[in-house]
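I opened this entry to look through the two-chain complex. I wanted the contact between chains, then the folds within them.

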Amino acid sequence: MTAATRIWAFHLAALSLLAAGAAFLPAYHLTNVAKVMVLATYAMGYNIAFGYTGLLSLGHALFFGAGLYGAGMLVQHADLTAGPALLAGLLAGGAMAAIAGLLALRTQGVAFMIVTLMFAQAGYLTILYNTAWTRGDEGIVIARDARVLLGYDLSADLPRYFAAFALFAAGLVLKLWLVRSPAGRVMIALRENEERSRMLGYDPYARKLVALVISGLYAGAAGAAYGLLFGYVGASLASTQYSILPLLWVLLGGAGTVLGPFVGALLMFYLIDYSSAFTTASLLVVGVALVLLVLFAPKGILGTLRERWLRWLP
Amino acid sequence: MAPVTLLEARGLTRHFGGLKAVDGVDFDLAEGEVHALIGPNGAGKTTFVSLLCGRIPVQSGVIRFDGADITRLPAHSRVRRGIAYTFQITQVFANLTVFDNVALAVQRRGGPLDGDTRAALARVGLADRADQRAGTLSYGHQRLLEIAMGLALHPRLLILDEPTQGLANAEIDTFKALVRQIVSDTTVLLIEHNMDVVMDLAHRITVLNFGEVLSSGTPDAIRANPAVQAAYLGG
């Protein structure tokens, strides 16, 4: 078995397992895993910027929010159907990443973190204050009859699960292809040593901008899907918290691994879900988990597996 | 036949505060030569080649490469025009495989990825280490990998910044053989402290001192120059 077949077989097997989940997961978990798959798509986009290209952004909620509101407002105010709204959300995320990136990528390191954070904060406040369009604090509840894609009712458990799965699978396959392509190799080179990459003839600014836009497209698609699948478009989903969450999921699952963001998002979701059954301090449990992670597996779950046993894992 | 000028610099200047790192340097590089740049520590050698390859912006002066003015071009565009630079302090991608390090150079140029990468590795004798992580190579092998990355760009001008620093004698011999082989298809500009290497390889030598050209000529002329002897060769 060649390295490439092994890698594809591994990831397609993981996808098959998720698809099969539709058959045996009870309704409650069907909703949860659908949510995790959408959020993991967002995190995969984050990972393209952070894990592969080395861009530590604290402003991805702007791109997620652009997708969320890009789709949600068009459904609300322009009576767009789910399909075009998804596409609009995807493009809104990419466009917002291009605008923010053009300016933010003139900075590096800590300055880049702060500039992206400020961009996202500006976006969040814009959403909050333009109540006529966004309904501010309350958010937009998307009517059930607008949540229909290709004749399937996205508010029903199974169609929603499969819609989330389709989004996640497409994102995963594209990402796997991207990071193994020559363009992906350049992204990794930029993460490892920007100056050396420049002296091999690569324009770091242009390459990082492309990576950030791809990342924004993922975030936008995930945001739009989140609104349409779960029926709610709210400002809290574009707050700073949603810039930090994908970073935590990626760190937990393994930065710079293709499946890591999903593993991280799934684990953190169920950690909060189970711990909140017996304590109100569920975030404390998350905190402890993160401390343990930093102490014993700083490269995240899949990152550690790759280091110890699975050297071939992309 | 008169040699064709590949690169020329006129009045090249770069000051850092009060320090005149490079101060009005005129410099010509003929196509196909091995040109060594020597001078005491702090003479401005690395700053000078950094100006040539674009890592440091020029304050005043002009650089022409292959007839075109490249003074204001960013570094990555100069690489595309055929100027490759290998770092003084080894800067390979430590977490990538040896293969990927060289492949990054090959794919930028657009050559056949697998074939050209393995050819460049074979040229420096690292073919059997292609799958090893670059950071686990010995220091000498990392220096060779740097050179392989430069070669894989198929540059018209290869700038080597102290390539033999920290190499064992046997490795230096390998390096010398390599440069002699390279020079059939590329021009080499070499910063070097090891005078045996310089006298052995260079067709021409330029001596820098306090950011200025002290002298320039053939190895024999440089060796006989009293000013050079006083400043550098230790009289």
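**Interface**

I began with the contact between the chains, where 17 residues of chain B are in contact with 15 residues of chain A. I kept in mind that this is a predicted model. Next I asked which elements of chain B supply the side that touches chain A. Both α2 (75-81) and α3 (98-109) of chain B give at least two residues each. The largest share comes from α3(B), with six residues. I then sorted this side of chain B by class: ten residues are nonpolar, four are polar and three are charged.

**Chain B, overall**

I noted nine helices and ten strands in chain B. The C-alpha atoms fill a box of roughly 50 × 45 × 40 Å along the principal axes. For 235 residues, a compact globule would have a radius of gyration near 18 Å. Chain B has 17 Å, which agrees.

**Sheet in chain B**

I traced an open sheet of four strands in chain B, ordered β2-β1-β4-β5, with antiparallel pairing. Which strands stand at the edges? They are β2 and β5 (68-69) of chain B; each has a single partner strand, so one side of each is left without a neighbour in the sheet.

I went through the pairings of β1(B) one at a time. Strand β1 (residues 5-16) of chain B runs antiparallel to strand β2 (residues 19-30) of chain B, over eight bridges. Here I found B:Ala9 opposite B:Phe27 in β2(B). The hairpin of these strands, β1(B) and β2(B), has two residues between the strands, and B:Gly17 takes a positive phi near 60°.

I turned to the pairing with strand β4 (residues 60-65) of chain B. It is antiparallel to β1(B) as well, over five bridges. In β4(B), B:Val62 is the bridge partner of B:Arg10.

**A helix pair in chain A**

I moved to chain A and picked helix α2 (residues 27-52) and helix α12 (residues 260-278). Their axes come within 8 Å and cross at roughly 135°. The two helices, α2(A) and α12(A), are therefore oblique to each other. I recorded the crossing of α2(A) past α12(A) as right-handed.

I listed who meets whom. From α2(A) the contact includes A:Val36, A:Leu39, A:Ala43 and A:Tyr46. From α12(A) it includes A:Phe262, A:Leu266, A:Phe269 and A:Asp273. By class, the contact of α2(A) with α12(A) has eleven nonpolar, four polar and one charged residues.

How values were computed: Residues are numbered from 1 along each chain as its sequence is written. Chains are lettered from A and ligands numbered from 1 in the order in which they are written. This is a predicted model: local features need pLDDT of at least 70, side-chain atom pairs count only at pLDDT 80 or more; totals for chains, interfaces and linings use all residues. Two residues are in contact if their C-beta atoms, placed from the backbone, lie within 7 Å. Ala, Val, Leu, Ile, Met, Phe, Trp, Tyr, Cys and Pro count as nonpolar, Asp, Glu, Lys and Arg as charged, and the others, Gly among them, as polar. Axes are lines fitted to C-alpha atoms, for helices over the stretch in contact, and angles run from 0 to 180 degrees between N-to-C directions. Angles under 35 degrees count as roughly parallel, over 145 as roughly antiparallel, 65 to 115 as roughly perpendicular and the rest as oblique. A crossing is left-handed if the near helix is turned anticlockwise from the far one by less than a right angle, and right-handed if clockwise. Two strands pair if DSSP finds at least two bridges between them. The radius of gyration is taken over C-alpha atoms; the globule rule is 2.2 Å times the number of residues to the power 0.38.
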